Amino acid sequence: TAGDDIGSLNFNRIASANGAITARSCIIGETVNGTSDSRLGFYTMGTPVSLTERMRITETGNVSIGTAIAPAARLDVKGSGNTSSTYGFGVRNSSDAYAMVVRDDGLVGIGTDPSFKLHVYHSDPSLVIAAKFQFVPNLTAVQNANLHASWNTVVPGSGNNINADLY
């Protein structure tokens, strides 16, 4: 039947005094929809003291982290909150600093903690960020008029800021 365990690998810490399990993690293989398809679930014990699925690899190879819901994408990551102080996804560089983050409130930062929907920062003033904007022919005039981009840049060596808006 669906969800039947077909095997597991358990990691247990056992108290020497009474033999009780005091910490546990496990990987469980289980069937999917009563077929020969199978998936892997990765579980850890937290507070309260119970096993919680933390990661899943589905029968199609999709991976979910932070949710037991079957992932709709190759990698599906659920954050731990919905605020500007929690990251749903992050990529660290070799110095262990975040190079890119997706915050739980939906903002994306590359080289910085984001203040905008997409916030890109680099300390090198010669860095060029290129973007191509194209008006879509089958949008109405009102929809095209609502396409908007804005940026602020520092002219290298001058200390002057250039602000630009594209409507």
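This is a predicted model: local features need pLDDT of at least 70, side-chain atom pairs count only at pLDDT 80 or more; totals for chains, interfaces and linings use all residues.
Residues are numbered from 1 along each chain as its sequence is written, and side-chain values use heavy atoms, with hydrogens and water left out. Local features need pLDDT of at least 70, side-chain atom pairs count only at pLDDT 80 or more, and totals for chains, interfaces and linings use all residues.

Strands are DSSP runs of at least two residues, numbered from the N terminus, and two strands pair if DSSP finds at least two bridges between them. Strand E2 (residues 21-31) pairs with strand E3 (residues 38-45) in the antiparallel sense over seven bridges. The two strands form a hairpin with six residues between them, and Asn-33 in the turn has a positive phi of about 55°. E3 also pairs with strand E4 (residues 51-57), in the antiparallel sense over six bridges. Phe-42 in E3 stands opposite Ile-27 and opposite Met-55 in E4.

One aromatic pair is found in the whole structure (ring centres of Phe, Tyr or Trp, the last by its six-membered ring, within 6.5 Å; planes under 30 degrees apart are stacked, over 60 edge-to-face, the rest tilted). The ring centres of Tyr-87 and Tyr-98 are 5.0 Å apart with planes at 85°, so the pair is edge-to-face. Because Tyr-87 lies in strand E7 (residues 87-92) and Tyr-98 in strand E8 (residues 98-103), the pair ties together parts eleven residues apart in sequence. The charged end of Arg-92 sits over the ring of Tyr-98, 4.1 Å from its centre (CZ of Arg or NZ of Lys within 6 Å of the ring centre and within 35 degrees of the ring normal).

Notes
Helices (H or I, at least four residues) and strands (E, at least two) are DSSP runs, numbered from the N terminus.
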